[in-house]
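Here is a short note to read alongside the structure.

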Amino acid sequence: MPTMLSAAKSAAAQEGADGRGALLPPSEETVMAALWACPSPAARRQIAARLPAGCGWADSTLLNFLARLEEKGFVKSEKQGNKNVYTSLVRRADYCALATAAHLDRLYGGDVQALVRTLADAGRLSFAAMESLARWLDARAAESPEYDYD
């Protein structure tokens with residue numbers, strides 16, 4: 001499976017010609033999230049079933065989004081019997097890492113603490129989640145070759 005880096009390079013190569021970048025608009029991210037939640041390959045009905053409640057898109061709208069994602073190199077479609085099935089060409093973790101880094105840089109100037117502070121101040125992080133995050137960060141720091149507190 002191609003990596004997000006190769007998809008980003010492909011999108012960047014196209015960017016000059018048609019203005020597209022490696023990050024997707026929210027509607028296409030929603031379709032990708034639904035596709036990632038499906039077994040691969042997935043039919044349109046399976047993808048539609050994984051869209052958020054209340055999404056309410058017509059079948060033709062979903063098919064248009066899938067066609068756009070295929071043009072951008074994020075999705076591959078294949079004929080299987082009398083229907084098309086779709087496979088993600090980009091791993092969720094790769095795309096999420098790229099999108100999160102872009103968001104962090106654009107809105108927080110790369111300051112992770114400011115991002116976490118915003119989430120905590122908005123009530124999006126429980127005390128238990130903050131404790132869990134602190135334990136994970138401590139363990140991650142201890143594994144790092146830069147860890148040198150002796």
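Which residues in α5 are buried?

1. This is a predicted model, in which local features need pLDDT of at least 70, side-chain atom pairs count only at pLDDT 80 or more, and totals for chains, interfaces and linings use all residues. Residues are numbered from 1 along each chain as its sequence is written, and side-chain values use heavy atoms, with hydrogens and water left out.

2. The buried residues in α5 are Asp94, Tyr95, Ala99 and Leu104. Buried means under 20% relative accessible area, exposed over 50%, and partly exposed in between (1.4 Å probe, protein chains only). Helices (H or I, at least four residues) and strands (E, at least two) are DSSP runs, numbered from the N terminus.

3. Helix α5 covers residues 92-108, which is 17 residues. The expected span is 1.5 Å times one less than the number of residues. Just after α5, Gly109 has a positive phi of about 60°.

4. There are 3 aromatic pairs in the structure. Rings of Phe, Tyr and Trp (its six-membered ring) pair if their centres lie within 6.5 Å; planes under 30 degrees apart count as stacked, over 60 as edge-to-face and the rest as tilted. Trp57 and Phe65 have ring centres 4.8 Å apart and planes at 50°, so this pair is tilted. Trp57 is partly exposed at 28% relative accessibility, whereas Phe65 is buried at 9%.

5. Phe74 and Tyr95 form an edge-to-face pair, 6.1 Å centre to centre with 80° between the planes. Phe74 lies in the loop between α4 (59-71) and β2 (75-80), and Tyr95 lies in helix α5, 21 residues apart. Phe74 is buried at 1% relative accessible area, and Tyr95 is buried at 3%. Ring pairs link Trp36, Phe74 and Tyr95 into a cluster.
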